Amino acid sequence: MSEKSQKVKDYRFPRVLRDRPFHYCPGCHHGIAHRLLAEVIEELGVRDRAYGVASIGCSCFLYYYFDVDICEAPHGRACAAATGAKRARPELVVFTYQGDGDFAAIGLTESLHAAARGERITAIMINNTVYGMTGGQLSPTTLPGQRTTTTPEGRDPRVYGYPMKVAEMLAEFPGVAFCARVAVNKPKRVLEAREALRKAFLAQIEDRGFGYVEFLSACPVNWRLDPIKAAEKVDELAETFPIKVFKDEI
Amino acid sequence: MKPILVKGSEAIALGALAAGCRCYFGYPITPQNEIPELLARELPKRGGVFLQAESELAAANMLLGAASTGVRAMTSSSSPGISLMAEAFSYMAALELPAVVVNVARGGPGLGGIEASQGDYFQATKGAGHGDYHFLVLSPASIQEAYELTARAFDLAEKYRQPVMILTDALLGQMKEPLILRKIKPRKYPKDWALTGAKGRPGRVLRSLFLGPGELRSRNELLQKKYRAMRREVRVESYLLEGAELVVSAFGSLARIVKEAVNLAREKGYPVGFLRPITLFPFPEREFRKLAEAGVRFLVVELNCGQMVEDVRLSICGSTEVRSLPFPPSDLPAPEDIYREIKRCLRSPRR
């Protein structure tokens, strides 16, 4: 296949996505992450054995957009539910799609233990530093000084400590085969994010271990910024949360 | 077939294996550790999955995930652990997932103790988690029955797409009795809802979030219709009901002590019978109502502060007298303790 036709193929609407408008706010990065996820599932040819776990948060309607089998998990328990599905049917390609509140606050135990066991699943965490769905409250990844609806004067480290660096933590686990933090606020970064997602899926497909990708993601509405400024603010987030591949055993 | 001598907890694990259980997820807690320990040895040999989770929260959600793929799966715990699992139970009921949950109950509230207790009757029958949902609840009184009911629970779970609970207690879980390992033939039910990968079909979804107008109401009506349909599974053990003026009712292991008391009373010529609900939900309302209509009075004996007695009272709607004889967890009553109360009931004039 020529390089040109390959490029044309990349711009097609992914078959794994349902043709339905996203419910996400203008400027939200969930849409880009969804598209990349759909492209990677299609490229790896695993649509027919994909099993997604929808979590609680803005992305709970995952099943509206993905034409794969999807189960809803209680808040924070996505990695446990994914573990059960994968252990029951190892031929499935199992992924979770969670926010920072779901993955790193209420579900931190389930997330870390799944990684520690080296579960052959792919976990995607959308890190936008706030609880998006409930209206922009403090999350474990809120930056010091960042105003949220529950930290109206900004996150005070003496009260709430410091942002939790999940990718850095997970990279320490021998059971984790791929671990990266990505962003999608610039075209080059979108391509890098796609590659990271691909490898996070290969981690389970090739039976190497747990795959993890953290998306630094804009939340314009809860950040009280317009979409352009919110996308620019992601660079500010990257000073605390470095965009980096922390572990690559693929 | 030659009987083997096993604990109640082991009988439950053997019943699960006989029914073709493929996955077990759990977290250690006394007094039910024999269940995971037996399955940790036996499940992998049969190509099944045994996984000790980091908490009961995780175990119950692993069960949710495994059950969603259509395999036979279970968990077990004891009272405080069941409380932790309640969140996932509500979701599993809403997602209509077939799964088996065993509660080898201990005394509460709080950390309570590790002695036999029936203090989880409300939790088991009214739904431990949020929302309008129920488990189908079975309660065995012998080790043979623990084996049979556990195996049956897997069939019922699939028949109704519904989590099924075995509610037993430390007494039955820890004591030994002969068990005949009767061969079980698991029934087959369609799995056209299971998430097995969307090959050759559109993606399926298991969800409990319904925001559209009227959607959640329809969803709840569907569940309630199923709970009503489950009434055909009601089972009781009745004994010496002929000519009985007083019927003593109890469930689970305690029912055996109660039965002995009823025998004692009958030997002395007291007109007393015995009724043991085996299904705690759906509750055998009709069976109680029929007796009440015949003018029978009731004495409900429980190892708690009086819980099942409420369901008996609801079943008969005040048409006859229902007395409660509660034994809060600590010591087990002797048959004579119950016999004395039977005499008192029969001697006292009808209220």
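Start in chain B of this predicted model and select β10 together with residues 272-277, which are strand β12 of chain B. The two strands pair antiparallel, over four bridges. To see one bridge, pick B:S238: its partner in β12(B) is B:L275.

Colour chain B by its domain assignment: domain 1 covers 4-186 + 212-232, and domain 2 covers 236-347. The C-alpha centres of the two domains of chain B lie 26 Å apart. Where they meet, 26 residues of domain 1 of chain B are in contact with 20 residues of domain 2 of chain B. On the domain 1 side, select α5 (121-126), β6 (136-138), β7 (163-169) and α7 (170-174) of chain B, each of which supplies at least two residues. Which of these elements gives the most to that side? It is α5(B), with four residues. By class, the domain 1 side has 13 nonpolar, 10 polar and three charged residues.

**The largest nonpolar core**

Next, select A:Y212, B:V100, B:V248 and B:V258. In the largest nonpolar core, which has 203 residues, these four touch the most other members. Both domain 1 (4-186 + 212-232) and domain 2 (236-347) of chain B give residues to this core, so it lies between them. Zoom in on B:V100. Apart from neighbours within four places in sequence, B:V100 is in contact with B:A16, B:M74, B:T150, B:A153, B:F154, B:A157, B:V164 and B:I166.

**A glycine in helix α1 of chain B**

Move to B:G15, in helix α1 (residues 8-18) of chain B. Is B:G15 buried or exposed? It counts as buried, because it has 30 C-beta neighbours inside 10 Å and 20 or more are enough for that label. Leaving out residues up to four places away in sequence, B:G15 touches B:A146, B:Y147, B:E148, B:T150 and B:A151. Then draw a C-alpha to C-alpha distance from B:G15 to B:F154: the two are 139 residues apart in sequence and 9.6 Å apart in space.

**Where the chains meet**

Show both chains. Here 30 residues of chain A are in contact with 36 residues of chain B. On the chain A side, the elements that give two or more residues are β1 (50-54), β2 (69-72), α4 (78-88) and α6 (108-116) of chain A. The largest share, eight residues, comes from α4(A). The residues on the chain A side divide into 16 nonpolar, four polar and 10 charged.

Now select β2(A) and residues 205-206 of chain B, which are strand β9 of that chain. Two bridges join these strands, which run parallel. A:I70 has B:V205 in β9(B) as its bridge partner. Both strands belong to an open sheet of eight strands with mixed pairing, in the order β9(A)-β7(A)-β8(A)-β4(A)-β3(A)-β1(A)-β2(A)-β9(B). Its edge strands are β9 (244-248) of chain A and β9 of chain B, each pairing on one side only.

**A proline in a loop of chain A**

End at A:P26, in the loop between α1 (3-10) and α2 (30-43) of chain A. A:P26 is exposed, because it has 10 other C-beta atoms within 10 Å and the label applies at 12 or fewer. Leaving aside neighbours within four places in sequence, A:P26 is in contact with A:P220 and A:P227.

Definitions and conventions: Residues are numbered from 1 along each chain as its sequence is written. Chains are lettered from A and ligands numbered from 1 in the order in which they are written. This is a predicted model: local features need pLDDT of at least 70, side-chain atom pairs count only at pLDDT 80 or more; totals for chains, interfaces and linings use all residues. A nonpolar core is a set of buried Ala, Val, Leu, Ile, Met, Phe, Trp, Tyr and Cys residues joined through C-beta atoms within 7 Å. Domain bounds come from an automatic or database domain assignment. Two residues are in contact if their C-beta atoms, placed from the backbone, lie within 7 Å. Two strands pair if DSSP finds at least two bridges between them. Ala, Val, Leu, Ile, Met, Phe, Trp, Tyr, Cys and Pro count as nonpolar, Asp, Glu, Lys and Arg as charged, and the others, Gly among them, as polar.
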